[in-house]
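Welcome! Please take a look at the sequence and the fold below, and then we will walk through a few parts together.

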Amino acid sequence: MKKLLYLFSAVALTLTSCSNDEDSNNSSSSVLLTKIIETFEDNSTLTTEFQYSGTKLVRMTDDDGRFEFTYTNDLITQVKYYESNTLLQTETYQYDGNGKVTTYILIDNIDTDWGNKETYTYNANGSVSVNYYSGDAFSQTNLDRTATITFSNGEVNQISFSDGKTITYSYDDKNNPFKNVTGFDKINFCNQEGTGVLRNIIQEDDSTDFEDISTTYTYNSNDYPVTSTETGFEVTTAQYFYN
């Protein structure tokens with residue numbers, strides 16, 4: 001029942017052939033993603049729509065339910081996922097005085113025997129050390145594994161887990177759809193995966209997978225994706241729409 005899989009996963013950049021003429025009328029700094037339509041190999045589709053207050057994302061709604069976002073100043077501190085007005089899962093983010101995320105917790109509000117926590121330590125060399133804990137919705141104290149996250153040009157470059165698994169990311173040189181969304185740049189390595197902040201992931205190499213994930217994009221005049229095709233265990237295509 002792990003629906004959230006981290007909010008960025010719900011909008012993993014996986015698109016193909018469409019265009020949005022409205023995009024060319026906006027400066028790059030004011031562009032906000034408003035909708036994604038994904039199409040899967042069985043021809044089923046998933047539409048996700050985004051609502052904002054200024055540049056803060058307040059709600060993300062898909063065909064199954066909705067994500068409600070809470071900010072403290074300019075930091076995302078909580079995300080709640082609902083289906084049919086029933087709260088299913090909650091993500092919580094805690095930060096230090098410099099605005100760096102220190103703790104991430106994901107709990108199941110229905111099956112309260114399930115909960116995960118991550119704690120982050122920022123190292124002098126620019127890397128981040130992570131402890132991954134499991135438990136229930138009330139306490140997560142079982143240390144399952146650790147990891148070291150390295151960065152390049154502000155993006156997650158590699159996550160090396162203590163169990164030997166390594167995930168390596170490559171990026172394009174274009175704009176990420178969430179580039180202008182307040183707070184997203186603070187949480188781009190939570191929930192055991194990396195997500196683009198400024199750029200878009202074009203290759204994800206997992207040392208334990210038989211198939212890696214690659215993504216190709218088309219872009220509008222502001223260099224934001226309007227379509228992409230993700231190839232991995234299956235092929236997923238999507239269309240992106242902006243304000």
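A charge sits over a ring if NZ of Lys or CZ of Arg is within 6 Å of the ring centre and within 35 degrees of the ring normal. Arg66 gives an example, with its charged end over the ring of Tyr82, 4.4 Å from the centre. Lys35 likewise lies over the face of Phe241, at 5.0 Å from the ring centre.

Before going on, a word on what you are viewing. This is a predicted model, in which local features need pLDDT of at least 70 and side-chain atom pairs count only at pLDDT 80 or more, while totals for chains, interfaces and linings use all residues. Residues are numbered from 1 along each chain as its sequence is written, and side-chain values use heavy atoms, with hydrogens and water left out.

**The chain as a whole**

The protein chain holds 16 strands and 0 helices; these are DSSP runs numbered from the N terminus, with helices being H or I of at least four residues and strands E of at least two. Of its 243 residues, 46% count as buried. Here buried means under 20% relative accessible area, exposed means over 50%, and partly exposed lies in between (1.4 Å probe, protein chains only).

**Strand β7 and its partners**

Two strands pair if DSSP finds at least two bridges between them. On one hand, β7 pairs with strand β6 (residues 86–95) in the antiparallel sense over 7 bridges, and Tyr95 stands opposite Val101 in β7. The hairpin of β6 and β7 has 5 residues between the strands, and Gly99 takes a positive phi near 80 degrees there. On the other hand, 5 bridges join β7 to strand β8 (residues 115–122), again antiparallel, with Leu106 opposite Asn116 in β8. This hairpin of β7 and β8 has 6 residues between its strands.

**The core and its rings**

Which residues have the most contacts inside the largest nonpolar core? They are Phe69, Ile76 and Tyr93, in a core of 45 residues. Strand β5 (residues 75–83) gives the most to this core, with 4 residues. A nonpolar core is a set of buried Ala, Val, Leu, Ile, Met, Phe, Trp, Tyr and Cys residues joined through side-chain atoms within 4.5 Å.

Searching the whole structure for aromatic pairs finds 10. Rings of Phe, Tyr and Trp (its six-membered ring) pair if their centres lie within 6.5 Å; planes under 30 degrees apart count as stacked, over 60 as edge-to-face and the rest as tilted. Two of these pairs are set out here.

| Pair | Centre distance | Plane angle | Type |
|---|---|---|---|
| Phe69 and Phe184 | 6.5 Å | 35 degrees | tilted |
| Phe151 and Phe189 | 5.8 Å | 75 degrees | edge-to-face |

Phe50, Phe69, Phe178 and Phe184 form one aromatic cluster.

For the other pair, Phe151 belongs to strand β10 (residues 140–152) and Phe189 to the loop between β12 and β13, 38 residues apart. Phe151 is partly exposed because its relative accessible area is 30%, whereas Phe189 counts as buried at 4%.
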